[in-house]
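Hi,

Here is the structure I promised to pass on, with some notes on what turned up in it. Please have it open while you read.

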Amino acid sequence: MKKTTFCAVLVALLGLTAAAGEVYIPSNTPSTGGGPNSWPFETYSAWRYQLRIQSSMLGGKRFRIKEISVAFAATRSPWSATQFQLRMAHTQQTTLSMTFDTNLGAGAVTLIDGPLTFNAIANTWSPLGITSGFDYNGKDHLVLEVRYYRNTTAGASVWTDTGIERCYIHTGNTADPYNATTAITPVPGAMMGMKVRLTTVDTQIIGSGSGRIGTDLTLFLLSPPDGGLAYQVGTSLGTGPIVLGNRLLGLGVDDLLVASVGGKLPGVFQNYAGTLDAQGQATAKMAIPADAALVGIRLHSAFVVLKAGAPFGIESISDTFTFTITK
């Protein structure tokens with residue numbers, strides 16, 4: 001059986017998915033809500049707008065965001081801006097500050113930066129076309145920021161929800177809202193954020209095997225958006241984590257990690273470096289030595305996807321697979 005076919009069968013048996021999923025903020029109802037509301041894609045020609053997404057809306061697991069879509073209440077095709085920036089950041093704040101940079105913190109990731117044209121279609125999810133992904137840590141709230149300049153005030157209204165908090169400023173308040181540092185008091189209130197959909201993919205590592213000494217443990221690597229990119233697997237005695245900017249790799253820095261990543265034990269750590277296939281899949285293997293002294297040791301494995309130009313040269317980071325060696 002081909003490797004890609006076997007991976008697909010295994011994923012199905014485990015009840016997992018290698019395909020993109022959707023997270024709806026707050027629900028999959030793009031044709032209803034508060035409003036229609038002009039903020040932030042209509043009426044004024046320049047904006048700085050932030051909304052806070054509660055962690056309770058995000059499912060409590062790590063994932064990578066590869067697209068963001070908006071529930072528009074009116075059609076504007078195309079909608080365009082001469083300069084458009086979309087940024088996202090983790091936050092532990094329970095409410096938005098009126099200072100924009102406080103909400104974003106030091107770890108904001110830029111998802112769009114430059115001229116932008118997209119189709120705003122009424123009563124459906126309209127993708128903005130992000131150019132880089134965002135890795136959600138599975139526990140914090142999120143702040144999403146939209147800011148732009150456009151030559152015309154023609155735009156499109158959006159549907160909103162009372163469960164999403166917002167803050168903003170526009171050209172009705174200042175000549176240059178794009179670079180403004182503070183928001184105005186929202187009218188009629190803060191809890192009228194626009195409804196959005198997050199298209200997500202899970203970068204996963206799945207282990208298969210008994211974990212007994214003298215046997216092989218197979219590691220199936222899944223990262224659907226990263227087909228054709230290089231990967232690197234690592235195994236360690238702890239879960240760290242290793243901090244990579246605003247992301248975390250759930251491995252500890254120890255001699256075992258150095259050996260597994262550095263190719264020092266090729267008979268044990270097999271195919272720990274390679275290239276994902278077109279579906280973003282690969283297989284690595286750990287040949288557990290037949291040594292009774294290893295029984296009871298707990299091992300942790302994860303992988304990263306490598307890409308030039310990505311932060312730290314790492315495009316995606318998997319979850320961590322853990323098992324205990326048995327007799």
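Let's start with methionine 194: leaving aside neighbours within four places in sequence, it is in contact (heavy atoms within 4.5 Å) with Pro40, Phe41, Tyr49, Leu51, Val70, Val146, Val158, Trp159, Thr160 and Ile164.

A word on the source: this is a predicted model, where local features need pLDDT of at least 70, side-chain atom pairs count only at pLDDT 80 or more, and totals for chains, interfaces and linings use all residues. Residues are numbered from 1 along each chain as its sequence is written, and side-chain values use heavy atoms, with hydrogens and water left out.

Met194 is also among the residues with the most contacts inside the largest nonpolar core, which has 40 residues. Such a core is a set of buried Ala, Val, Leu, Ile, Met, Phe, Trp, Tyr and Cys residues joined through side-chain atoms within 4.5 Å, buried being under 20% relative accessible area (1.4 Å probe, protein chains only). Strands (DSSP runs of E, at least two residues, numbered from the N terminus) that each supply at least two core residues include S1 (21–25), S6 (109–120) and S13 (196–201). S6 gives the most, with six residues.

Now for a loop. Asparagine 137 sits between S8 and S9, and its side chain makes a 2.9 Å polar contact with the side chain of aspartate 140. For a polar contact, N or O atoms lie within 3.5 Å; within protein, one must be able to donate a hydrogen and the other to accept it, and residues adjacent in sequence count only if both atoms are side-chain atoms. The Asn137 side chain also reaches the backbone nitrogen of lysine 139 at 3.0 Å.

Best wishes

Definitions and conventions: Buried means under 20% relative accessible area, exposed over 50%, partly exposed in between (1.4 Å probe, protein chains only). Helices (H or I, at least four residues) and strands (E, at least two) are DSSP runs, numbered from the N terminus.
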